[in-house]
Amino acid sequence: MKQFTKVITLLLALAMVFGLVACAAPAPAPAPAPEPPAAEPAPAAGKFTPGSYTATGKGMGGDIEVTVTFSADAITDIVIGAHNETPGIFDLPFERIPQVIIENQTLNVDAVSGSTYSSNGLLEAVTAAVVLAGGNPAEMASAASTGAQAADVDQTADVIVIGAGGAGLAAAVSAHENGASVIVVEKMPKVGGNTIISGAAFNTSDAERQKLMEKSAGPEATVMALINAESKSDEHKALQQKLQEEYDAYKKSGENVLFDTPTLHALQTYAGGDYVGELPLITKLTTNSLDALHWVEGHGMEFTDVVFTVLGGLWPRAHKPVKPLGTGYIETLSAYCQNKSIPVMLETEATSIIMKDGRAVGVEAVGASGNKVTLHANKSVILATGGFGKNVEMRQKYNKTWATLDASILSTNHPGATGDGIIMAQAIGADVTGMEHIQLLPMGDPVTGSLAGNIEQGVEDRFFVNKNGDRFVAEDARRDVMTNALYKQPDAYMWVIVDKHSYPSGDVKNNFNETIDQLVSEGRAFQADTIAELAAQIGVPAENLQKAVDSFNAGVDKKTDEFGRTLFTNKIDTAPYYAGARVPTVHHTMGGLKVTVNNEVLDTNGKVIAGLFAAGEVTGGTHGTNRLGGNALADIMVNGRIAGINAVK
Ligand code: ADP
């Protein structure tokens with residue numbers, strides 16, 4: 001159970017607090033209860049007053065309600081009721097924690113790593129129910145839970161994939177489709193990595209969907225600036241010429257639809273990363289992205305027809321999954337693994353790559369109970385371990401851009417994003433590139449750093465103000481530009497402002513599956529009928545906020561403004577108005593392993609390490625100094641898929 005975090009102290013403290021809360025305001029009793037709670041005190045012989053009790057605990061998304069059924073001596077059932085936890089995060093603790101409690105009659109349960117808030121909220125609720133039933137939570141918290149010692153494992157497959165996030169699962173599916181037997185190892189107790197908790201927007205030019213959008217959505221000035229920029233190389237120049245030809249043909253056609261091509265996407269990616277990314281990797285991404293989108297769609301993944309501009313995405317080419325966050329990708333690819341019996345070994349942490357005669361031939365790992373796991377690869381090993389956004393030591397070691405990336409700077413990442421793949425590959429001579437390029441978003445929750453609670457729906461219909469109620473940046477700019485601008489504001493703290501155009505009704509959800517009504521009721525967003533009232537609620541001068549609204553609305557008319565912003569759709573002019581607070585947060589590590597266009601890992605002499613491939617955030621070279629919003633999911637699917645194909649050859 002090494003991946004779990006003990007929460008007993010907190011639990012005991014909360015037993016006191018929540019016991020009182022639950023007693024003072026008991027949730028409605030569920031019906032039918034097996035035996036009604038006795039009005040009398042518990043019989044001396046029993047530990048509990050038999051019956052069913054409903055109580056709540058605080059999770060990530062507010063209250064989690066549970067109904068716990070007690071016999072005189074035991075907890076016999078736990079049913080989870082209403083909650084607003086994040087899909088992909090709550091699933092595992094909600095399945096596992098009740099089982100452990102009932103099997104062991106203990107509250108000495110570990111929080112599921114990566115789902116700490118949901119785990120703790122659930123434990124608090126059960127603890128409160130124990131108090132309501134007359135039980136002694138402290139006594140139950142000292143009861144041990146048993147964990148079996150697993151045997152050592154020694155297995156062989158054609159391809160071993162390390163990491164079951166988006167890139168790893170795409171690679172596993174792709175390798176299997178191409179005839180390989182595959183084993184996936186994942187160190188966390190669940191699949192998904194950062195992918196499953198991401199906004200999940202997928203950038204690709206896509207004539208079919210983009211023809212639904214008007215021409216005016218994409219400004220000509222952006223295209224012309226890319227065409228006319230100073231050429232960095234012949235390769236760059238050739239791309240610029242290609243874009244000129246594509247744009248001329250588009251204008252000649254007279255079509256009133258949005259312009260987009262893989263070339264425009266490539267040049268925006270290149271320029272958006274300060275021309276540091278490698279053009280062959282970039283054009284590989286943009287010319288294969290639509291195919292990769294269709295590939296994952298072919299496996300059952302669903303996207304809406306709406307194409308939008310995601311934060312820092314610079315162009316309306318982001319595809320929005322139907323399912324919340326990244327759950328659609330992970331469920332789709334996991335279902336394939338399940339149907340084809342591809343083993344995905346959870347709580348199995350890869351510790352080293354086995355080398356023989358200069359070739360990667362397997363993986364050493366440690367299983368959940370500390371058992372040794374040795375996996376042999378007939379053909380190849382694929383590294384898909386993600387980035388290092390949660391590894392403070394690595395952040396500090398490589399950071400050259402930000403004043404500090406110490407632990408005081410929050411992160412959107414899951415706890416497993418610790419750069420293991422980079423460290424393991426370096427240990428066998430692999431090279432890295434661009435490690436100093438670490439992306440911060442201006443969009444972190446002020447308490448957790450997560451993207452949860454973000455009220456923006458897309459770039460066009462929202463703007464930002466600082467604590468004085470003043471706008472301070474073009475809100476359609478690059479992520480690094482916006483975050484740098486935010487750092488210059490008081491307390492590096494800002495408010496996102498939207499109106500009814502983003503939330504036509506209170507039950508409309510943000511990208512994190514949270515309704516605006518829910519966020520307002522939890523005090524994570526503010527709602528008002530006038531700008532002055534909104535200003536009062538968030539504590540900024542009303543005249544400044546009004547000035548900010550006026551400046552934004554004038555920009556909508558002119559399609560530009562004093563900050564040089566060009567992406568606009570609707571004015572902020574229709575109540576209700578909403579505000580949500582945001583701070584800088586570490587999001588993505590652009591640097592990583594140096595790879596070829598075939599996803600082979602290169603050593604420090606520039607030579608391919610035989611048998612070793614990499615895909616996803618563990619790699620460097622594509623995004624330069626700054627990754628465009630919406631390019632990560634495209635990167636993962638394109639490169640996971642191609643790594644899978646090449647790993648089998
Ligand atoms: P990407 O977007 O590149 O797919 P993710 O963060 O979504 O990256 O997924 C990476 C996955 O790799 C995560 O689920 C993470 O827990 C897993 N992982 C990281 N290090 C190891 C390791 N040493 N052994 C096994 N799995 C790992």
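Let me start with pLDDT: the predictor's confidence in each residue, from 0 to 100. This is a predicted model, where local features need pLDDT of at least 70, side-chain atom pairs count only at pLDDT 80 or more, and totals for chains, interfaces and linings use all residues. Residues are numbered from 1 along each chain as its sequence is written, and side-chain values use heavy atoms, with hydrogens and water left out.

The protein averages a pLDDT of 91. At least 70 is reached by 92% of the residues. Now look at residues 1-44. There the pLDDT is below 50. Beyond near neighbours in sequence, that stretch has 80 contacts in the model, a contact being heavy atoms within 4.5 Å.

Next, the strands and helices. Both are DSSP runs, numbered from the N terminus: helices are H or I, at least four residues, and strands are E, at least two. Two strands pair if DSSP finds at least two bridges between them.

β2, residues 62-70, is joined to β3 by five bridges. Within that pairing, Thr69 has Asp77 of β3 as its bridge partner.

Three bridges join β7 to β8, residues 318-321. Phe303 stands opposite Pro321 in β8.

Now the inside. A nonpolar core is a set of buried Ala, Val, Leu, Ile, Met, Phe, Trp, Tyr and Cys residues joined through side-chain atoms within 4.5 Å. Buried means under 20% relative accessible area, with a 1.4 Å probe and protein chains only. The largest such core has 44 residues. Val159, Phe202 and Leu333 are among those with the most contacts inside it. Elements giving it two or more residues include β4 (153-162), α12 (327-339) and α19 (631-648). Which helix gives the largest share? That is α19, with nine residues.

Zoom in on Leu333. Its contacts include Leu169, Trp295 and Met637, not counting residues up to four places away in sequence. Apart from this core lies another, of 38 residues, including Ala157 and Leu612.

Definitions and conventions: Buried < 20%, exposed > 50% of the residue type's maximum accessible area, 1.4 Å probe, protein only.
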